[in-house]
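Subject: Structure handover

Hello,

Here is the structure I promised to pass on. Please open it first, then read my notes below.

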Amino acid sequence: MSLCAVKGFQWLRQRQCVLFSKVCVHQLHSSPGFTDSCYDGLYPGHIHTTPIQKALLAVGSGVAALQNPYRHDMVAVLGETTGHLALINLRDRMKNDPEGYTILTERPRIRLSTLDLSKMASLPDGSFGREYLRFLEDNHVTPDSRADVKFVDNEELAYVMQRYREVHDLLHTLLGMPTNMLGEVAVKWFEAAQTGLPMCALGAVLGPLRLNSSRLQSLFTSLGPWALQNGRRSRCILSIFYERRWEQNLEDLRQELNIEPPPVILSAANKRST
Amino acid sequence: MAASVRLLLRLSHRNINVAAAGGSARPGCCWGPTGPSSCRCFSDATGDRSTHFGFETVPETEKAKRVYKVFENVAQKYDVMNDAMSLGIHRVWKDMLLRAMHPQPGVRLLDVAGGTGDIAFRFLEYVQSQQERQKRRAARSTQTPSWQDISTNYSTEDEDGPQESKAVVCDINKEMLKVGKQKADSMGISAAGLSWVVGDAEELPFDDDQFDIYTIAFGIRNVTHIDQALQEALRVLKPGGRFMCLEFSKVTNPVLARLYDTYSFQMIPVLGEVIAGDWKSYQYLVESIRKFPDQEEFKGMIEDAGFYCVHYHNLTGGVVALHSGFKL
């Protein structure tokens, strides 16, 4: 505990020193905050930022993400800099759920190195693990492509953010949505209703702008309302220990989470440009 | 005499700095792998020297590697970031360097840490326009020449080609040179007067007395041993050759200094993250500027290396300083 206090104090001192850097050059020299080593900061990859920097990052990353939606790192930065309150809310919901509490203490990570792919492939069809693997193969994605959290100034909240990113693909499987534009927008609507993260809300609002009219119609009439309703009523998706539920039947899992099956079956083959 | 006294003072000053850094870095020893390396400050005597990498203390052997990594990462977005960070003013600084240089056709330039080629391109353009001006002047002065004169003029013109002026771009980082070469191709600059060489400023791959002008723009603060780089500069310059250095320096006006510091530390890493996706490299950049000696101290270092008539001009209120010296 005292370690955190000392580190917190050092960080405060750094903040002051930054603005009076001319006087404090030698003092700054000693503070380890602005270094390359991944052990400085509260967790590996953490970068200390002042409130001004966070605001600038939020604006800059928002603009960059709008200009080029394929810049996933900018979407990630936007989420981190704007999601403080939503992350606290999510963390509290997880704490109040017994399974969520277990996740917060055990801190599992979803990586290719931690998944036993051959075992998952041998599971029966309709099981969660098998369907997840099918989703990864059909859409040519991997769970390792998630950016690390950098700008969240609390170690536990940073884990919640990381968990949210890693659960995103599992959510696709649970909702039965492919990774084309329409599927992503549907998942974003669900996430916005579930988590309240401003980045999801922004994606949910701006995503539809890139859809053609037939897909827009599908979104607004059936997919959208379904996603929103289920987002609101479903159990907190971050509180599920997915790694222990690969054998569980997908339909059972959906029922347990209070998620209805999708009204429209979208296949990954629908990957025409929108 | 004065130079040697100054050298003594500077050496002792540097030792005090390093020791102070080592002493104040000790609280950091307990957590993190930077601990052992910062403690190593005290083993100065055993030859295990350390230096600064931004505000971090690293072993000297490691600094070059870390700097290489930084520029490898930023090479692709280097020019875009320069424009964004300096709001385009870096172009003015480089133009002013060329104006001060005022190279004449036939001059050989070595641009060290020249990476993406900004100085070399400007040099070639300048020399070309000078050449054209000379030709125009020559043409004006010859009134109604005879056919004999015209034909002799044609034959000499071919020899006086732009091949005379050569610019050599030397950089330790292959990525930066690659970007520079691509730029040259896309700008359509003829490869005739331009060479791209991989080399270390502390140990240049050139013979003595080769170049008329040696420039290093925004590169010398990344060199581990600045005095060695200066000595190398002296070596490769011809007698009468000129050393010119553009580098970030200390802002003299206190109000401007506060604004500049705030902008540097708040804005620039954010720009690095948003544009180049690399916060840490640009954090290093603003920190390395603060660790570089100020105008007078650097002038002293240049004089100690053996240059004469060393002067400096402050640009943009001291944000950048242009140092110049001659080898006699």
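Chain B has 12 helices and nine strands. Please keep in mind that this is a predicted model. I start with the two chains as a whole, then go into the details.

**The two chains**

Chain B has 328 residues, and 50% of them count as buried. Take the contacts in chain B between residues at least 6 apart in sequence: 74% of them join residues at least 24 apart.

Chain A is built from helices, 13 of them, with zero strands. Read from the N terminus, its elements run α-α-α-α-α-α-α-α-α-α-α-α-α. Chain A has 274 residues, of which 51% are buried. The accessible surface of chain A is about 12,700 Å², and 59% of it belongs to carbon and sulfur atoms. Among chain A contacts between residues at least 6 apart in sequence, 70% join residues at least 24 apart.

**The sheet in chain B**

What is the order of the strands in the open sheet of chain B? The seven strands are arranged β5-β4-β3-β6-β7-β9-β8, and the pairing is mixed. β5 (194-198) and β8 (308-315) of chain B stand at the edges. Each has a single partner strand, so one side of each has no neighbour in the sheet. On average, neighbouring strands of this sheet are turned by 15° against each other, direction ignored.

β4 of chain B, residues 166-171, pairs with β5(B) in the parallel sense, over five bridges. Within that pair, B:Val169 stands opposite B:Trp196 of β5(B).

Next comes β3 of chain B, residues 108-112. Four of its five residues are buried, so β3(B) is largely enclosed by the rest of the structure. β3(B) pairs with β4(B) in the parallel sense over five bridges. It also pairs with β6 of chain B, residues 211-217, again in the parallel sense, over four bridges. In β6(B), B:Leu110 stands opposite B:Tyr214. As a general point, side chains in a regular strand alternate between the two faces of the sheet.

**A helix pair in chain B**

Two packed helices are described by the angle between their axes and the distance between the axes. Here, the axes of α3 (residues 60-74) and α11 (residues 279-291) of chain B come within 10 Å and cross at roughly 120°. α3(B) and α11(B) are therefore oblique to each other. The crossing is left-handed. On the α3(B) side, the contact is made by B:Lys63, B:Val67, B:Val70, B:Asn73 and B:Val74. On the α11(B) side, B:Ser281, B:Tyr282 and B:Tyr284 make it.

B:Thr51 sits in β1 of chain B, residues 50-53. Is B:Thr51 buried or exposed? Its relative accessible area is 13%, and B:Thr51 is buried. Leaving aside neighbours within four places in sequence, B:Thr51 is in contact with B:Glu56, B:Thr57, B:Val58, B:Glu60, B:Lys63 and B:Thr224. One of these, B:Lys63, also takes part in the contact between α3(B) and α11(B).

A:Leu182 belongs to α10 of chain A, residues 181-195. A:Leu182 is buried, with a relative accessible area of 3%. Not counting residues up to four places away in sequence, A:Leu182 touches A:Leu211, A:Arg215, A:Ser218, A:Leu219, A:Leu223 and A:Leu266. A:Gly231 is 49 residues from A:Leu182 along the chain, and their C-alpha atoms are separated by 17 Å.

Most residues other than glycine have a negative phi. Which backbone angle of A:Arg107 stands out? Phi of A:Arg107 is near 50°, a positive value in a residue other than glycine. A:Arg107 lies in the loop between α6 (98-106) and α7 (117-121) of chain A. At 29% relative accessibility, A:Arg107 counts as partly exposed.

In chain B, look at B:Thr316. Phi of B:Thr316 is near 50°, a positive value. B:Thr316 is found in the loop between β8 and β9 (320-326) of chain B. B:Thr316 is partly exposed, with a relative accessible area of 40%.

Best wishes

Terms used: Residues numbered from 1 in each chain as written. Chains lettered and ligands numbered in written order. Predicted model: local features only at pLDDT ≥ 70, side-chain atom pairs only at ≥ 80, totals over all residues. Heavy atoms only, no water. Pairing = 2+ DSSP bridges. Helix = DSSP H or I, 4+ residues; strand = E, 2+ residues; numbered from the N terminus. Axes fitted to C-alpha atoms, helices over the stretch in contact; angles between N-to-C directions. Buried < 20%, exposed > 50% of the residue type's maximum accessible area, 1.4 Å probe, protein only. Contact = heavy atoms within 4.5 Å. Areas by Shrake-Rupley, 256 points an atom, 1.4 Å probe, with all protein chains shown as cover. Parallel < 35°, antiparallel > 145°, perpendicular 65-115°, else oblique. Left-handed = near helix turned anticlockwise from the far one by under 90°.
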